[in-house]
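Work through these exercises with the sequence and the 3D view side by side. Try each task before you read its solution.

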Amino acid sequence: MKKILLSIILFPFAATGFSQIVHFAVKGGINLSTQQTGNALFDVNNSTIVGFNIGGVAAIDFDKFTLQPGLFFTTKGERVNIPDPFTTATYNAYYTLDYIELPVDILYKRKLGPKTTVHFGLGPYLATGIYARVTYPGTSNRITFDNNTANLQPGYQNPDYGLNFLAGIQLNKKIAFDAGYDLGLANLYFSNTTTLRNRTVSVSMGYSFR
């Protein structure tokens, strides 16, 4: 797996040579996140939660490709509809997970005009959880990120990792609009049977310093 990721990262260098141009950009946007549960002991009625992302990227431009590592603060999680055991009513619990995320994307770009390009691509991401909480009506409780499987307190395994898919358009070589999808591959549960993985759709806007 490591050899495959290394080959993907080095492909633009081999294909286009080393006449690269490096520039930096700031980005921010909206996240729509949920979590995919597998082999749970009971049905989970979950849906999306709204969050945000903010950070920056270093874009290394080649002829037709861009190598784009980044660093972001991003929120993920889910909304779970929970039945009240004492009544017929239900209430929503909002699970919010804050991460510092490092994506490394390889983007293919194509010109649509003198100052307009489209781009799309993918790459791996690694995210370290820094804070998590669950919010019920009238109260909020912290949830830990902990790799100690002997800890009986509710928590999430750390770190998260997966694949990031990205597509967008850049105008005047300055302003970019992107749509992305994070496919979490790490199991956040302390379990070998039940799984919990992050799924996030994002829409963002960026500004390049050239």
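**Exercise 1. Which residues lie nearest the centre of the largest cavity, and how many residues line it?**

Solution. Start with the ground rules. This is a predicted model, where local features need pLDDT of at least 70, side-chain atom pairs count only at pLDDT 80 or more, and totals for chains, interfaces and linings use all residues. Residues are numbered from 1 along each chain as its sequence is written, and side-chain values use heavy atoms, without hydrogens and water.

Step 1. Learn the term. On a 1 Å grid over the protein atoms alone, a cavity is a set of points where a 1.4 Å probe fits but cannot get out; lining residues have an atom within 4 Å of a point. Rolling a probe the size of a water molecule over the atoms shows where empty space is left.

Step 2. Find the centre. Asn53, Phe72, Glu101, Asn164 and Ser202 lie nearest to it, among 22 lining residues.

Step 3. Check for others. A search of the whole structure finds one cavity of 30 Å³ or more.

**Exercise 2. Which strand gives the most to the lining of the largest cavity?**

Solution. Step 1. Count the elements. The protein has one helix and 11 strands. These are DSSP runs numbered from the N terminus: helices are H or I with at least four residues, strands E with at least two. In sequence order the pattern is α-β-β-β-β-β-β-β-β-β-β-β.

Step 1. Pick the top contributor. Strand 4 gives the most, with six residues.

Step 2. Sort the lining. It divides into six nonpolar, 10 polar and six charged residues. Here Ala, Val, Leu, Ile, Met, Phe, Trp, Tyr, Cys and Pro count as nonpolar, Asp, Glu, Lys and Arg as charged, and the others, Gly among them, as polar.

**Exercise 3. Describe the second largest pocket: what is its volume?**

Solution. Step 1. A pocket is an open set of grid points with protein on both sides within 12 Å along at least five of seven lines. This one has a volume of about 550 Å³.

Step 1. Locate it. Its lining has 28 residues, with Asp61, Lys109, Thr117, Gln170 and Arg210 nearest the centre.

Step 2. Sort them. Eight are nonpolar, nine polar and 11 charged. Strand 5 supplies the largest share, four residues.

**Exercise 4. Where is the cis peptide bond, and which residues other than glycine have a positive phi?**

Solution. Step 1. Most residues other than glycine have a negative phi, and most peptide bonds are trans.

Step 1. Find the cis bond. It runs from Asn158 to Pro159, with omega near 5 degrees. Pro159 sits in the loop between strand 8 (155–156) and strand 9.

Step 2. Look at phi. Asn172 has a positive phi of about 55 degrees. Lys173 has a phi near 60 degrees. Asn172 is in the loop between strand 9 and strand 10, and Lys173 is found in the loop between strand 9 and strand 10 too.

Step 3. Judge exposure. Buried means under 20% relative accessible area, exposed over 50%, and partly exposed in between (1.4 Å probe, protein chains only). Asn172 is exposed, at 52%. Lys173 is partly exposed, at 47%. Across the protein, buried residues make up 39% of the 210 residues.

Key: Grid points are joined across faces, edges and corners, and a volume is the space filled by probe spheres set on the points.
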